[in-house]
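Here are my notes on the model you asked me to look over. Have it open while you read.

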Amino acid sequence: MMNTWLTDIIRTTNEALFNEADLTRIMTYYASMPARLKLSEELERLEPTLVKSLQTELSKRYPDRSLYSRRFIQDIVESLRCVNRAVLADDLRLLRYRWIDHVLDVATAANIDLQEIRDAYLSLREILQSSLPRSAWETLEPAYEELLDALTRSPKTLTV
Amino acid sequence: MICKIILQSKAPYLTPQERAEIESYLSTVKARRAALEEVRRNVGKIVERTVARIRTMYPQMARFHQNGYEKTQRDLGMITNLTANAMFLGEHETLDEMFTEWFRTIMKAVHLTPQLLKDSYGFWLDEMKAALSEESFALMRPHAEHVADYLTRIPVPARDEVGERVPVSSSHGAESWKF
């Protein structure tokens, strides 16, 4: 099983009782869980409509790009599940391990321009910003920006 | 609890049941935090009183194990802490992965008897119940009973190294605990 900051604390604490600093961090995380769960609900609710919305948007903006097949768009939308899981765990390492590393490997192997993938995520960001309640978007935003940021860097830089 | 569900869930998004489990746990975290602090204040007392009762019932143990009572005191303190952390987290799978199975192997290796362990953890639960508030003990109890049950399930050694067992009038209520 993959570790998060919380499992790291549990293993580091070992046979001692949790200390005050760790308990404060854990309690702060717990206090943010209702917002994270709400975001998760919203993303699940939106997912069926996002593929169609994104397909419409991409074909309007980039009519000549062959990369934007229905399957590709489906993968982009479904990658929100990995983003959601990282937000729920409050650990962006999950996003890195479960999606970012994978998408960078695939892009390198298939010689896909990362900017085209990033453009799809930028379009999806606009759709999400207009579809999600503001508080849900604010909960999602740091992880989403991490994803966009990773797509501006070269795979070699990221795997060092 | 939360970690386990988020990392182990196979569904694309959390299922209603997983979400309900998280929400149910979150509704108890303030009480769990308070119980953890109560254990922190009382762990020394719980362990000392438990070891005193073990010493009375098994007066010869030190003949077989150098510093046996002191090591028992150290181990029970560690087990109390780990159990309190498991209570705070609302799950003991992580505790078992990290500690319980490994520790049971040690108990077998030093030729302790299941009876000694049942007596010891019975005393431990008695003293924990006596030292903690009703609410805190109710939160600790399922995890403490789990640990006790796990650690007492060892075979009878071919030759035990615990010495005489002296029944005492203020005997524990091990029979009333679920292990």
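This is a predicted model: local features need pLDDT of at least 70, side-chain atom pairs count only at pLDDT 80 or more; totals for chains, interfaces and linings use all residues.

1. Chain B is helices through and through in its secondary structure elements, with 8 helices and 0 strands. Reading along the sequence gives α-α-α-α-α-α-α-α. The C-alpha trace of chain B spans about 60 × 35 × 25 Å along its principal axes.

2. How much of chain B is buried? Of its 179 residues, 37% count as such. As for contacts within chain B between residues at least 6 apart in sequence, 84% of them link residues at least 24 apart.

3. Now the interface. On the chain B side, 22 residues are in contact with 25 residues of chain A. Helix 1 (2–8), helix 2 (16–26), helix 3 (29–57), helix 5 (68–89) and helix 6 (93–109) of chain B each put at least two residues into that side. Helix 5 of chain B gives the most, with 6 residues. By type, the chain B side splits into 15 nonpolar, 4 polar and 3 charged residues.

4. Have a look at the largest nonpolar core too, which has 80 residues. Which members touch the most others? They are A:Val83, A:Ala86, A:Leu95, A:Ala143 and B:Met140.

5. B:Met140 deserves a click in the viewer. Leaving out residues up to four places away in sequence, B:Met140 touches B:Ala35, B:Val39, B:Thr83, B:Ala84, B:Met87, B:Met128 and B:Leu132.

Technical notes. Residues are numbered from 1 along each chain as its sequence is written. Chains are lettered from A and ligands numbered from 1 in the order in which they are written. A nonpolar core is a set of buried Ala, Val, Leu, Ile, Met, Phe, Trp, Tyr and Cys residues joined through C-beta atoms within 7 Å. A residue is buried if 20 or more other C-beta atoms lie within 10 Å of its own, exposed if 12 or fewer, and partly exposed in between; C-beta atoms are placed from the backbone. Two residues are in contact if their C-beta atoms, placed from the backbone, lie within 7 Å. Helices (H or I, at least four residues) and strands (E, at least two) are DSSP runs, numbered from the N terminus. Ala, Val, Leu, Ile, Met, Phe, Trp, Tyr, Cys and Pro count as nonpolar, Asp, Glu, Lys and Arg as charged, and the others, Gly among them, as polar.
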